[in-house]
Amino acid sequence: MTIALPHTTVAEAAPRPRGPIAEFLRQQPLGAASFVIICVMMFAGIFSEWVSPYDPLAIDFASILAPPSWDHWCGTDAYGRDICSRLIYGSRTALVIGFTSSFIGSSIGAILGIASAYFGGRIDTIIQRVMDVLLAFPIIVLALVVVAALGRLLVWGIDINLIVAIAIPILPRVARVVRAAAFSVRVMPYVDAARAAGYSHARIIFRHMAPNVVAPYLIMLTAFIAQAILAEASLSFLGLGVQEPTAAWGLMLSGNASDFYRQAPWMILFPGVAISLAVFAFNLFGDSLRDFLDPRFKV
Amino acid sequence: MLRYTINRVLLTIPTLLGVAVLVFFMLRIIPGDIVEVKLRGDGGAVTQETIDMERHRLGLDKPLMVQFEDWMVGVATLNLGISMWTERPVMEEISLRLELSLEVAILATIIALLFAIPLGTTAALNRDTWIDYLMRIFTIGGISIPAFWFGMLIMLSLLAAFNWLPPITFTPLYVDPVANITQLIWPAASVGYRYCAVTARMIRSSLLEVMSEDYIRTARAKGVYEKLIISRHALRNALLPAITVISLEFTFLIGGLVVTEQVFNLNGIGQLFVQSVTRNDFTLIQGMVMLIAAFYVFVNLVVDLLYAVFDPRIRYA
């Protein structure tokens, strides 16, 4: 609020100009807290080699299923691998897949949404019908079908097809929301002006309309990072996502982990906490970002 | 109303057609099919001849367009073909497991609504207080905690508290209701948490919207009890938009069940779907995807029609 009300004191009436980030942190304490969690995760993901106490793949038969201790903070798994290290490396997997698939899905979805609103008419109808088809599936079901269809394609140890499988269900959901926002942009005089000036469709879409739907785009992008991390964990849990021996949170919960309910509950507890915390942070951050950028906007 | 209904029903056809086309061609983009998995899966040496014979038997050697035609005719006549793995009709495989999954879904809905309505209402009435913040954390937790892990936690706590795990074999409700409920209430609770969270958020925001309407002010001015205003005037109107979310989430419960049935080892639709994907069982995948989409489209249709009944502005638009 920069408008000074009559009864406020002088100090309040003239606030220091703040950057948008400082303003966000002040207005949205919950968002700030989630931002801290995200930063910690990113730090762990980027500097895994330095942060993690052990090699995540090192098998140690001397300490199989060791309970949490000072040596192994989160215990060890059935191969004696340090769970804490695997969680740290797992944050890299989750972030890479979560971010890239959400980014790809949201970006293509946003472009389709804007194009749909800009061209209108028949093109709009066709795009919307295709989106309707994709919307008829829960995220995980569509991702599973794509996994079944495409199989695996490893590039630098990352399964590209897994990313595609998670990006496709995100696409129509973003397209729908961005289209709605783009409709209000399309009727703006500057779009008419751009057309009158003879600019190409691509230029109008990317240079004139896209910058004005950045708010919903960013909100959807963060919210869907959360969904993508969740989808990756579910797929890996089912054995259809990330494969052993790569460290991934969902994978740590699958396979023999369920046989160790009695002997080794830490094998189940910690990876689940990691997934929940990460998804929680991105959801909360997206929520706060929405309140901050556009209070009227609803996902 | 009739015209609106006809229009709305006709609109479902392109969607269903699109699903049928999409799923058929998507599964055939990449070469490699069930025959390879089935016969070469164990690493055994199998001659090309055997593979070709099996392909022929399953009709996989027919031209793509002929296969497509068979599939589309099948969809139109509700004959979804024969599972390539178990060799039994797809419809039979599905109907065997539908009862269990449907029951879990209904139980989850009941649990979710039981909690969501009071939660959403309390949060809206105590907006921006600590109650509202707690509710916000609870609901964001619901959309963040993976249902399957929540299920594992439930099992773990049952084990720790009572040294007991839910039974694994399915008993139908009409045979032994107690055994049935003690088995299915846990998976229902684990997928129900997310459902409850989504619904509670929706009820909160739509109740907040309704509370600022003129007719609420009128009711207050008349001196109606606040409790009565909320239950009779506000909540009734707020529930209408919530119905959309409730019914769409219901169709999306299958998404949660796909993973959660694995945890509780339930032989339901979700597990069948995962099995069909791991086995590359094209006919079964196609059939299930078709049914899931049809169910979604159908529920969507019913919701839209109900809306038009309740809110005349829609059918005249």
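**Exercise 1. What percentage of the 317 residues of chain B count as buried?**

Solution. The structure is a predicted model, in which local features need pLDDT of at least 70, side-chain atom pairs count only at pLDDT 80 or more, and totals for chains, interfaces and linings use all residues. Residues are numbered from 1 along each chain as its sequence is written, while chains are lettered from A and ligands numbered from 1 in the order in which they are written.

Step 1. A residue is buried if 20 or more other C-beta atoms lie within 10 Å of its own, exposed if 12 or fewer, and partly exposed in between, with C-beta atoms placed from the backbone.
Step 2. By this criterion, 35% of the 317 residues of chain B are buried.
Step 3. For chain A, which has 299 residues, the buried share is 46%.

**Exercise 2. Describe the secondary structure and dimensions of each chain.**

Solution. Step 1. Helices (H or I, at least four residues) and strands (E, at least two) are DSSP runs, numbered from the N terminus.
Step 2. Chain A contains 13 helices and two strands, and its C-alpha atoms occupy a box of roughly 75 × 60 × 30 Å along the principal axes.
Step 3. Chain B has 13 helices and zero strands; the corresponding box for its C-alpha atoms is roughly 85 × 60 × 35 Å.
Step 4. Two residues are in contact if their C-beta atoms, placed from the backbone, lie within 7 Å. Among contacts with a separation of 6 or more, residues 24 or more positions apart account for 71% in chain A and 74% in chain B.

**Exercise 3. Characterise the side of chain B that touches chain A.**

Solution. Step 1. The interface brings 39 residues of chain B into contact with 37 residues of chain A.
Step 2. At least two residues of this side of chain B come from each of helices H1 (2-26), H6 (130-144), H7 (147-162), H10 (226-263), H11 (269-278) and H12 (282-310). The most are given by H1(B), with seven residues.
Step 3. Ala, Val, Leu, Ile, Met, Phe, Trp, Tyr, Cys and Pro count as nonpolar, Asp, Glu, Lys and Arg as charged, and the others, Gly among them, as polar. This side of chain B then has 31 nonpolar, eight polar and no charged residues.

**Exercise 4. Is H11(B) mostly covered or uncovered, and against which helices do its buried residues pack?**

Solution. Step 1. H11(B) is mostly covered, as seven of its 10 residues are buried; among them are Ile269(B), Leu272(B) and Phe273(B).
Step 2. The buried residues of H11(B) pack against helix H7 (139-150) of chain A, together with helix H5 (90-125), H10 and H12 of chain B.
Step 3. Just after H11(B), Asn280(B) adopts a positive phi of about 55°.

**Exercise 5. Why does Pro271(A) count as buried?**

Solution. Step 1. Pro271(A) lies in helix H13 (residues 266-293) of chain A.
Step 2. Pro271(A) is classed as buried because it has 28 C-beta neighbours inside 10 Å.
Step 3. Leaving aside residues up to four places away in sequence, Pro271(A) touches Leu87(A), Trp249(A), Met252(A) and Leu253(A).

**Exercise 6. Where in chain A is confidence lowest, and where is it highest?**

Solution. Step 1. pLDDT is the predictor's confidence in each residue, from 0 to 100.
Step 2. In chain A, confidence is lowest in helix H1 (residues 10-13), at a mean of 48, and highest in helix H5 (residues 83-119), at 92.
Step 3. Where pLDDT is low, the predicted coordinates should not be read in detail.
Step 4. Chain A averages a pLDDT of 83, chain B has a mean of 82, and the model scores ipTM 0.84 and pTM 0.86.
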